[in-house]
Amino acid sequence: MFSQIGQAIFDHQAILEASDFKMGLEIEMQRVDETGHLSQEPYPAAVGDEKENPWITNDFLETMSEIVTPPAGNATDAIHYLYSINTALRTALAPGELLWPLSMPPILPRDRSQVPIAKAGPEKEKYFQEWLKRHSISEGTPSGAHINLSINPGLVKVVFESFPDRFKDEVATRNYLYQIITQGFVRYRWLLTYLFGASPIAEQNFFENGATPLKHPVRCIRQSRQYGFGTKFSGDYSSIDSYVETILALAAVESGELLAPSEFHGPVRFKGAADLKTMAKEGVEYIELRMLDLDPTSQIGIRTGTLRFIRLLAGYFIMNTALAPKEVPGVMKRADEMNETVALEDPTKPSTFAATAKAFIRHLRIFVNELQAGPEYLEIIDDLEYKVDHPKTTLSGQLVERMKNGSLVDYALHQARKHQDGAMLALRPFRGFEENGGRLSADELASQLFGGTWKTEEA
């Protein structure tokens, strides 16, 4: 079942390295008031300076708080970082403020001038204003959970030394591994949308002129090309070179489709050199997965089991046969179409691709058993397979059951208060962001949060 690369990894007993991804998380949540409207309170002073603190900042809206974690060696450590920083933010909120647990925004003001754009500094604020000339404010309001994955350098070394005639150096090896992982995630994005989509409706005033074009709740507005946030065109994931060339062409003055390369909001982004032009030469350093909605059942917006599943998928994509280059464009196009279908399905009914989902999950089960990865992964697979058979148990299916008069405000506020109350019980919430505007290195943050018991590395 393994590819040649997968077999080499297995033969070199490098299975641990193949699943040992560093993980960093970026979780966006809107600050709201007790009635489910955007907060009118300023950025919380107790978490430092919004322009200086790299771990709690804001994105597009002044009310859109974004928590960023340093890279962690496993899913549990990543979650501990996120939990600690999330608690620090919650305990710094003004009385009556809450963190909105849904990806789709709370009730927006009908008067768009009352929506506060982030105070992110002159350069970034200018970019936001230019962006607004091409987009509605609503398009910038959905929040999500982003996962950064970094491949173990030991794995790159094993693959390069096993195939010296195939790759010219370790940079080319690393680029190829990131390429096939990314193609896998884009190919099966529709399955993640089915399992973890949690944006079935939009609240009042999200759609222009007050009318909703949705005929029924859907699985995931945010991941829909038609209604959601994101670039309205697909990236070229055939190779790192193709990815870079496509984005640079769209950001060129004569094209004008992108204000800057950073405006590309595809489901996956390659990350590396500050200058995109040199990424292929210098090498991809990590990938950013951008296809997950917030999980409103979790105080921190994502569950440990979800992160473990993402790691399982990444390992599977590395060790199993990749797409032939000539197949990539057609498969990626089909994947986009499948994702759009799934995103706009009724979340209480079986998916069009339920049989395909179950077939893929069976392959994952075989993979887990081949590697003897452990019962925790089999339990995750059992749970996800159950969700395919019972769509009402998915996040979007559960949210539909919580709707009242076409709204999720009551449910969202209930969850927001519960999560806030839990954070307020913390006996020693982190207060280290108050000094120096929150400017802490990853090692300083780890030391202050966990007493120096963790050693972190940059991804």
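Trainee: What does Glu-337 count as, at 37% relative accessibility?

Mentor: Partly exposed. The classes are set by relative accessible area, with a 1.4 Å probe and protein chains only: buried is under 20%, exposed over 50%, partly exposed in between. Lys-333, at 54%, counts as exposed.

Trainee: What kind of model is this?

Mentor: This is a predicted model, where local features need pLDDT of at least 70, side-chain atom pairs count only at pLDDT 80 or more, and totals for chains, interfaces and linings use all residues. Residues are numbered from 1 along each chain as its sequence is written, and side-chain values use heavy atoms, leaving out hydrogens and water.

Trainee: Which interaction joins the side chains of Glu-337 and Lys-333?

Mentor: Side chains of opposite charge can pair when their charged atoms come close. Here Glu-337 and Lys-333 form a salt bridge, 2.8 Å from N to O. The rule asks for a side-chain nitrogen of Lys or Arg within 4 Å of a carboxyl oxygen of Asp or Glu. Both residues lie in helix 11, 4 residues apart, about one turn of the helix. Helices are DSSP runs of H or I, at least four residues, numbered from the N terminus.

Trainee: How many salt bridges does the rule give?

Mentor: The count comes to 18. One of them pairs Asp-336 with Arg-225, with the closest N and O atoms 3.3 Å apart. Asp-336 sits in helix 11 and Arg-225 in the loop between helix 7 and helix 8, so this bridge ties together parts 111 residues apart in sequence. Asp-336 is buried, at 18%. Arg-225 is partly exposed, at 32%.

Trainee: Is helix 10 mostly covered or uncovered?

Mentor: Mostly covered: 13 of its 16 residues are buried. Helix 10 spans residues 304–319 and reaches 23 Å from first C-alpha to last, close to the expected 22 Å. The expected span is 1.5 Å times one less than the number of residues.

Trainee: At what angle does helix 10 pack with helix 13?

Mentor: About 100 degrees, with the axes 10 Å apart. Axes are lines fitted to C-alpha atoms over the stretch in contact, and angles run from 0 to 180 degrees between N-to-C directions. The pair is therefore roughly perpendicular; that class covers 65 to 115 degrees, with under 35 roughly parallel, over 145 roughly antiparallel and the rest oblique.

Trainee: Which residues meet there?

Mentor: Gly-305, Arg-308, Phe-309 and Leu-312 in helix 10 meet Glu-376, Tyr-377, Ile-380, Ile-381 and Leu-384 in helix 13. Contact means heavy atoms within 4.5 Å.

Conventions
Helices (H or I, at least four residues) and strands (E, at least two) are DSSP runs, numbered from the N terminus.
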